[in-house]
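Subject: Structure for your files, with notes

Hello,

Here is the structure for you to look through. My notes on what was found in it follow below.

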Amino acid sequence: MFDVILAIILLLLTWPILLIAMFIARIDCKASGLFSQLRIGRYGKPFTIYKIRSMRANDASKEGYVTASNDARISKSGAFFRKSKIDELPQLWNIIIGEMSFIGPRPDMPGYADKLSGDDRAVLQLRPGITGPATLKYRNEEDILAAQDDPQAYNDTVLWPDKVAINRAYLDNYSFFEDLRLLWRTISGT
């Protein structure tokens with residue numbers, strides 16, 4: 001209930017920013033300013049996530065699933081939207097309709113979370129979040145990936161397994177007050 005009420009309040013407060021960002025993204029990317037993509041949610045169920053478009057329309061599906069900060073596909077406005085996290089604002093709708101939460105593992109593309117096995121599948125009990133402990137640890141993930149010779153391989157062998165471990169620890173130690181602390185860390189940038 002907390003998530004839904006807060007998401008409605010934030011959506012009411014940020015709708016002008018959303019509209020302006022979608023307009024700018026539409027002009028800069030030469031496509032709809034709202035981007036939607038299939039992700040894996042709670043219990044491994046696919047859902048559609050919404051974001052402000054940050055990549056040029058013809059380039060968005062090329063070069064794998066990971067995006068480094070120096071990725072040529074990112075538009076000029078998209079770089080700003082990603083850095084400021086404005087691109088995540090449409091996910092307030094995903095929260096309102098119950099597909100996401102503020103805190104939880106980031107929802108992954110098919111081929112990651114839905115392929116978890118053994119004890120790691122426990123993280124699928126969690127509703128995916130806009131932020132969470134793994135997101136905070138890797139808040140500079142795009143810069144980390146930009147420094148790698150093979151960003152996709154580094155993501156698959158180093159970042160992804162660590163995120164799964166972090167999300168399992170989060171599940172095992174869940175508390176509402178910890179969620180509030182993680183939300184505050186996200187907002188304050190600490």
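The second largest pocket has a volume of about 390 Å³. A pocket here is an open set of points on a 1 Å grid over the protein atoms alone, with protein on both sides within 12 Å along at least five of seven lines. Grid points are joined across faces, edges and corners, and the volume is the space filled by probe spheres set on the points. This is a predicted model, in which local features need pLDDT of at least 70 and side-chain atom pairs count only at pLDDT 80 or more, while totals for chains, interfaces and linings use all residues. Residues are numbered from 1 along each chain as its sequence is written, and side-chain values use heavy atoms, with hydrogens and water left out.

The lining of the second largest pocket consists of 20 residues, and those nearest its centre are Asp3, Ser101, Arg127, Tyr174 and Asp179; a lining residue has an atom within 4 Å of a point. Two or more lining residues come from each of α1 (2-29), β3 (101-103), α6 (151-172) and α7 (176-188). Helices (H or I, at least four residues) and strands (E, at least two) are DSSP runs, numbered from the N terminus. α7 gives the largest share of this lining, four residues. By class, the lining has 13 nonpolar, three polar and four charged residues. In this scheme Ala, Val, Leu, Ile, Met, Phe, Trp, Tyr, Cys and Pro are nonpolar, Asp, Glu, Lys and Arg are charged, and the others, Gly among them, are polar.

Over the whole structure, one cavity of 30 Å³ or more was found, a cavity being a set of points where a 1.4 Å probe fits but cannot get out. The largest cavity holds about 140 Å³ of space. It is lined by 15 residues, of which Pro105, Arg106, Ala113, Val123 and Leu124 are the closest to its centre. α6 gives the most to the lining of the largest cavity, with three residues. That lining divides into 11 nonpolar, two polar and two charged residues.

Next, the strands. β1 (residues 34-40) and β2 (residues 46-52) pair in the antiparallel sense over seven bridges; two strands pair if DSSP finds at least two bridges between them. Leu34 stands opposite Ile52 in β2, and Ile40 stands opposite Pro46 in β2. The two strands form a hairpin with five residues between them. Tyr43, in the loop between β1 and β2, has a positive phi of about 60 degrees although it is not a glycine. Tyr43 is exposed, at a relative accessible area of 59%. The cut-offs are under 20% relative accessible area for buried and over 50% for exposed, with partly exposed in between (1.4 Å probe, protein chains only).

Lys30, in the loop between α1 and β1, is also not a glycine and has a positive phi of about 55 degrees. Its relative accessibility is 72%, so Lys30 counts as exposed.

Tyr50 belongs to strand β2 and is partly exposed, with a relative accessible area of 25%. Apart from residues up to four places away in sequence, Tyr50 touches Leu34, Phe35, Ser36, Pro90, Gln91, Trp93 and Asn94, contact meaning heavy atoms within 4.5 Å. Asn167 is 117 residues from Tyr50 along the chain, and their C-alpha atoms are separated by 22 Å.

On the helices, α1 and α2 (residues 76-84) pack at an angle of about 145 degrees, with their axes 8 Å apart. Axes are lines fitted to C-alpha atoms, for helices over the stretch in contact, and angles run from 0 to 180 degrees between N-to-C directions. In this contact, Ala21, Ile24, Ala25 and Asp28 in α1 meet Lys76, Ser77, Gly78 and Phe81 in α2. The residues involved divide into four nonpolar, two polar and two charged.

The last item is Pro151, which is in helix α6. Pro151 has 23% relative accessibility, so it counts as partly exposed. Leaving aside its neighbours within four places in sequence, Pro151 is in contact with Val66 and Leu145. Pro151 and Thr67 are 84 residues apart in sequence and 8.0 Å apart in space, C-alpha to C-alpha.

Regards
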